Amino acid sequence: MISIEVVLSPVLLHLTDVTDSNVVVIDILRATSTICTAIHEGAESVIAVKTPEEALELKLKGYITAAERDGAKLEGFDMGNSPFECMNGAVKGKRIALTTTNGTKCIEAVSHAGARNVLSGSFLNLESLSDWLINDNQRVVLFCAGWKDSFNLEDTLFAGALGGLIHQKTGCLIDCDAALMSIDLYECARVDLASYLKKSSHYKRLSHLHHEEDLKYCLQHSVIHEITGLRDGEMKKI
Ligand code: MLT
């Protein structure tokens with residue numbers, strides 16, 4: 001029977017037993033938005049690694065390397081963490097080794113926790129992801145990457161959007177205050193998400209780095225239909 005729980009930060013993950021649940025890793029700006037885009041654009045897989053060194057080792061095995069820290073692309077890598085770097089055929093048929101400030105650490109953290117599935121969540125595939133989770137009809141844990149273990153607005157807003165959509169479609173019980181808060185927060189902001197998020201720390205950080213187009217792109221709802229999940233240690237179309 002489907003149910004919804006929200007983990008607001010990686011430091012709270014240890015309080016939730018994710019065994020046999022469908023865990024949706026959420027890093028809207030931008031890791032999971034970029035992963036969903038890469039798979040949509042025909043990438044064979046995206047492997048989430050914790051360190052730049054691990055990504056560079058995979059270059060020797062033919063992976064494209066993508067690295068970001070504090071919103072900026074790292075020197076010496078093929079890509080940063082912008083979804084736009086995955087477009088125009090740049091990743092078609094390729095395997096990508098990705099390391100980011102928060103999102104890839106979260107994927108790595110839950111990849112060995114006994115989850116039924118580890119999925120990449122984004123506003124971009126909101127509708128198809130809600131339908132996939134409803135169809136699988138299992139416990140859902142919405143895992144917010146946050147920023148360096150702190151709460152952030154954008155990931156929590158997505159948890160509220162996805163949790164609220166599943167609740168609206170199924171009437172499922174929600175016995176998790178973080179989920180109830182996330183749903184209410186999204187209801188407050190949904191009328192104009194971009195304006196609401198202009199005050200958020202990462203929105204300001206990315207704007208300062210001239211990533212305004214990424215912000216607009218990552219807040220689009222349900223423009224991608226593929227479901228991206230962990231298979232054999234890599235994020236793939238499932
Ligand atoms: C993250 O991993 O926290 C984000 O993806 C950082 C970013 O790309 O700006």
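The structure is a predicted model. A search of the whole structure finds 1 cavity of 30 Å³ or more and 3 aromatic pairs.

**The cavity**

- Rolling a probe the size of a water molecule over the atoms shows where empty space is left.
- The volume of the largest cavity is about 80 Å³.
- This cavity is lined by 14 residues, of which Asp27, Leu29, Asn102, Trp147 and His202 are the closest to its centre.
- By residue class, the lining of the largest cavity consists of 8 polar, 4 charged and 2 nonpolar residues.

**The pair of Phe84 and Tyr217**

- A pair of aromatic rings is described by the distance of the centres and the angle of the planes.
- Among the 3 aromatic pairs found in the structure is that of Phe84 and Tyr217, whose ring centres are 5.3 Å apart and whose planes meet at 55°, so the pair is tilted.
- Phe84 belongs to the loop between β5 (72–73) and β6 (95–99), while Tyr217 belongs to helix α9 (residues 212–218); the pair thus links distant parts of the chain, 133 residues apart.
- Phe84 counts as partly exposed because its relative accessibility is 35%, a value between the limits of 20% and 50%.
- Tyr217 has a relative accessible area of 13%, which is under 20%, and therefore counts as buried.

**The pair of Phe123 and Phe158**

- The aromatic pair of Phe123 and Phe158 is edge-to-face, with 5.1 Å from centre to centre and 85° between the planes.
- Because Phe123 lies in the loop between β7 (117–121) and α4 (126–136) and Phe158 in helix α5 (residues 153–170), the pair ties together parts that are 35 residues apart in sequence.
- Phe123 is buried, at a relative accessible area of 0%, and Phe158 is also buried, at 0%.
- Ring pairs join Phe123 and Phe158 with Tyr186 in a cluster.

**Charges over rings**

Technical notes: Residues are numbered from 1 along each chain as its sequence is written. This is a predicted model: local features need pLDDT of at least 70, side-chain atom pairs count only at pLDDT 80 or more; totals for chains, interfaces and linings use all residues. Side-chain values use heavy atoms; hydrogens and water are left out. On a 1 Å grid over the protein atoms alone, a cavity is a set of points where a 1.4 Å probe fits but cannot get out, and a pocket is an open set with protein on both sides within 12 Å along at least five of seven lines; lining residues have an atom within 4 Å of a point. Grid points are joined across faces, edges and corners, and a volume is the space filled by probe spheres set on the points. Ala, Val, Leu, Ile, Met, Phe, Trp, Tyr, Cys and Pro count as nonpolar, Asp, Glu, Lys and Arg as charged, and the others, Gly among them, as polar. Rings of Phe, Tyr and Trp (its six-membered ring) pair if their centres lie within 6.5 Å; planes under 30 degrees apart count as stacked, over 60 as edge-to-face and the rest as tilted. Helices (H or I, at least four residues) and strands (E, at least two) are DSSP runs, numbered from the N terminus. Buried means under 20% relative accessible area, exposed over 50%, partly exposed in between (1.4 Å probe, protein chains only).
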